[in-house]
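User: I'm new to this one. Could you take a close look at a single part and walk me through what surrounds it?

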Amino acid sequence: MTNMFDLTGKVALVTGGSSGLGQQFARALAAQGASIAIAARRKEKLDDFAKELESKGTKCLAVTCDVTNEQNVIDMVKEVKDTFGRIDILVNNAGTAVNAKAEDQTLDEWSKVIDANLTGVYVVAREVGKVMIDQKYGKIINIGSLHSNTAIHPALEQITAYCSSKGGVQMLTKALAAEWAQHNITVNAIGPAYFASEMTQAAASNDAFLQFVGGRCPMGRMGKEGELDGVLLLFASDASSYITGQLLNVDGGWNTI
């Protein structure tokens, strides 16, 4: 039987690839045969992870990049294209969060989140999109959030900027999907609930937060490592050749109630 998720010969770029979900995404794509470019700001972490992937036989390129710096992004995409000759898959994963009351949040705090989570996602997609348009093929996977379409009780977190940015990612995904479908490019998004990562470390160690998740999420828990792999591989492979403009929540049923 043909493996619908086989990525042999494909090249994938994963931003935010030095830790957390970015590493999980890169491992899942590599396991299906893709060559991997990982990008993030922390060079040492990138280099260590690249060595891990290479030790398992994966061709890997580590590129230092701040997605809020337009020239960094342009240079990153050029380096990946020059190294591999093409970019078939983009996992637009880099992002950040600020926990602050809306009435107290500074414009700098707001801009930090919007610049990374929305503008950065757009600029990376724009530059990679140019490559994909030329090659008449591409699979773009933006990382949205549970909070692309729902907020959270303010007693637990105050993340208005984060929710706003991830809501923007959902509409950016739809708009790019509509515009680039003619070029044989699909653009979809994943909406994770709470998974273990650097960004969620504080929440995951907070008993009140875990109790809230247990009561609010029908499955009663946070997501586990590997539980995003299935939807990632669906959107990255030709199994999703007629799926575009979608955000698929991986949230244990959170959005059902």
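**Around Asn142**

The side chains of Asn142 and Asn92 are joined by a polar contact of 3.1 Å (a pair of N or O atoms within 3.5 Å, where one must be able to donate a hydrogen and the other to accept it, and residues adjacent in sequence count only if both atoms are side-chain atoms). A word on the source: this is a predicted model, where local features need pLDDT of at least 70, side-chain atom pairs count only at pLDDT 80 or more, and totals for chains, interfaces and linings use all residues. Residues are numbered from 1 along each chain as its sequence is written, and side-chain values use heavy atoms, with hydrogens and water left out.

Asn142 sits in strand β5, residues 138-143 (strands are DSSP runs of E, at least two residues, and helices are runs of H or I, at least four, numbered from the N terminus). Its relative accessible area is 0%, so Asn142 is buried (under 20% relative accessible area, with a 1.4 Å probe and protein chains only). Leaving aside residues up to four places away in sequence, Asn142 touches Asn92, Val121, Val169, Thr173, Val187, Asn188, Ala189 and Ile190; contact here means heavy atoms within 4.5 Å.

Elsewhere in the model, the charged end of Lys10 sits over the ring of Tyr137, 4.2 Å from the ring's centre (the rule asks for NZ of Lys or CZ of Arg within 6 Å of the ring centre and within 35 degrees of the ring normal).

Notes:
Buried means under 20% relative accessible area, exposed over 50%, partly exposed in between (1.4 Å probe, protein chains only).
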